[in-house]
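This report describes how two chains meet in a model and how each chain is built. The sequence and structure come first.

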Amino acid sequence: MSCHVVHERQAERPRTLTLRAHPLRVALVGQPNVGKSVVFGRLTGRYVTVSNYPGTTVAITKGRALVGAEVCDLIDTPGVNALEGTISEDERITRDVLQSADADVVVQVADARNLRRALMLTGQVAAFAKPMVLVLNMIDEAFARGISIDVAALEAELQIPIVEMVAVEGRGLPELRDALARAARPHVPAHPSASDRAVWAHHLTERVRRVSTLSLAYVQEALARATRRPVTGLPILAVVLYALYLFVGVFGAQTLVKLLEDGVFGGYVNPASVWLADRFIPVPFIRDFLVGQYGLITMGLTYSIAIVLPVVATFFLIFGFLEDSGYIPRLAIFCDRIFRAMGLNGKAVLPMVLGLGCDTMATMTTRILGTPKERLIAILLLALGIPCSAQLATIMGILGGISFTALATLFAVVLGQMFIVGWLAARVLQGERSDFILELPPIRWPRLGNLLTKTRLRVWWYLGEAVPLFLVGTALLFVLDRIGALVWISAAGRPVVTGLLGLPASTSQILVMGFLRRDYGAAGLFQLAHSGQLSGVQAVVALTVMTLFVPCVANFLMMVRERGLKTGLVILGVITPVAIFTGAGLNYVLRAFGVQF
Amino acid sequence: MSSVHLAFSSDRRPVSALREGTRGVVVEVRAHAEGRTDRLLALGVTPGASIIVLQTFPGIVLLCDQTELAIERQVADAIFVRSQESRS
């Protein structure tokens, strides 16, 4: 009944002149990885991270768009495979948008190749009784794979406007703007069950779609095959990891860092600021605050800009390339068995690999996992073992300079520790793991424009997020040093730091700073190692402890937001001793066997 | 649908028992407590869908209509197809 009333009210409303209390609100919905965020970006001019794997968007984004003479509010939603039955947390977010009064019009974005699945979703969206438009995106890819769709017949069947689109090239956007005014409630027969709807979608697809056996996308298909088969896939993985090491670990962490740290900062910025400070700042206290041992410029800026930034930037670039190529989900096939032992399934490879970019963002991405137990384990493992890009920077910078064995030892210990903790957590925690069912995106050649935009935004984000914390941390260190607390901290930490871990006493303060941001602590280690105060074994032990720490304050806050304060504190309470005792054990073993790196 | 189901019940086999390259049509997705059927349904694995087994190790990968799916063996056990051995 209520649907009927809504329909009538719409019919009364004049079509041309629209006076609304608020702008027309348009929700973009659709299956994962069909390009909703690209359409959103094209319409609003606002960039939302776009990648080539399901689950890049896990929260809603709003933006304004001009459609004709009218302003619209656009809502980008997480991808959904279903809106009813068993749905994941990100799918629930989208369903809530559709249920609420937040959306006046729904634009369903679909992958033109997958019409059958798209229609199954259309059937479910129809149940929300909102006027809608169907966008068949990536029509060029469908065409290349020999798929053609009779749009007129489909329009006649569903009685809604249908727009063919290649969103990344902007093709079909004017048509979508026009179509918004004609949005209508779809004509979908009522289906008592999901399988009835599937049958309907199947038959409708058979009627309007032709698939020829001739595909022009054979290069992509050959690559897709090669990356998922063990015989070719594992060597490809090795090559990818080696390329990552060369580009980030050697070019970023050594060549660029040397250029910036010794060249730009050591050669110009720091001497110049010291010279200026000596000349113009008469108060020694302020002078030290800026350019002293714990100076904002000589320490804070040098750490964040010269040591961490080059690696973060090179990492984001290559990482964006991997994201957009569709490669990462294919790794899930290889990891499924290992992850299952830790109470997860192969799908968890997505948040884990994303964690290498930023653990805080990855913690949010755990929403794509099926059960609460899986999410908790993934969040725990992210915080425990996955070094984020900024920290990877310092690890590669320090250990890359020592030896490959040193680097391999660190990763072996950290991965081993993650496995043990994951294995235990899987047994201790209540609940189930979900089935491993993962959609593999097609392999695509990344678009340079998207790659550069994404990298630029991530670097800006790093500068905005991390640099202030580096400066705050440095200021804190300066104050602690002035009031004599650093000496006290070093003394208090001595039993653990010098005794258990076998590190120089000065590492205490660095470990303390590691609590604030572990890459900040690692940058401290970087300088210590650079000045020859750390032996190979000490560097490996110190970095292992630092890697196992909770990544940063932001990550902790995100854990609290996603899982509650109690869980956050428990995770912190588990991780800290694990980190210290692992370091102690490693120190003991390395020394007992007389290992030198 | 039930007639289709009966007519081919003699050569219906679970996906987990199929060799690489096998083509077939899904005839049944066996119900499971934790919403396995729902999720497969949402991804297009429904009776009537045509599939090709692309790979069987280390995980099973199948092409269902135009969707490439990686699934674990347990899940593959629950999907029954009427198979046609690949002649290529």
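## Contact between the chains

In this predicted model, contacts link 28 residues of chain B with 31 residues of chain A. On the chain B side, the elements that supply two or more residues are α2 (36–42), β5 (67–71) and α3 (73–77). The largest share of that side comes from α2(B), with six residues. By residue class, the side of chain B that touches chain A holds 12 nonpolar, nine polar and seven charged residues.

## Strand pairing across the interface

One of the elements on that side, β5(B), also pairs with a strand of chain A: strand β9 (residues 437–440) of chain A is joined to β5(B) by four bridges. The two strands run antiparallel. Within this pairing, Leu440(A) has Glu68(B) of β5(B) as its bridge partner.

## Fold of chain B

Chain B has 88 residues, of which 45% count as buried. Its secondary structure consists of three helices and six strands. Read from the N terminus, the order of these elements is α-β-β-α-β-β-β-α-β.

Contacts in chain B were also sorted by sequence separation. Taking those between residues at least 6 apart in sequence, 61% join residues at least 24 apart.

## Ile489(A) in chain A

Ile489(A) lies in helix α20 of chain A, which covers residues 485–500. Is Ile489(A) buried or partly exposed? Ile489(A) counts as partly exposed because 18 C-beta neighbours lie inside 10 Å, whereas a buried residue needs 20 or more.

Leaving aside residues up to four places away in sequence, Ile489(A) touches Ser508(A), Gln509(A) and Val512(A). Leu410(A) is 79 residues from Ile489(A) along the chain, and the C-alpha atoms of these two residues are separated by 26 Å.

## Confidence in chain A

The average pLDDT of chain A is 88, and 97% of the residues score at least 70. Where pLDDT is low, predicted coordinates should not be read in detail.

Methods:
Residues are numbered from 1 along each chain as its sequence is written. Chains are lettered from A and ligands numbered from 1 in the order in which they are written. This is a predicted model: local features need pLDDT of at least 70, side-chain atom pairs count only at pLDDT 80 or more; totals for chains, interfaces and linings use all residues. A residue is buried if 20 or more other C-beta atoms lie within 10 Å of its own, exposed if 12 or fewer, and partly exposed in between; C-beta atoms are placed from the backbone. Two residues are in contact if their C-beta atoms, placed from the backbone, lie within 7 Å. Ala, Val, Leu, Ile, Met, Phe, Trp, Tyr, Cys and Pro count as nonpolar, Asp, Glu, Lys and Arg as charged, and the others, Gly among them, as polar. Two strands pair if DSSP finds at least two bridges between them. pLDDT is the predictor's confidence in each residue, from 0 to 100.
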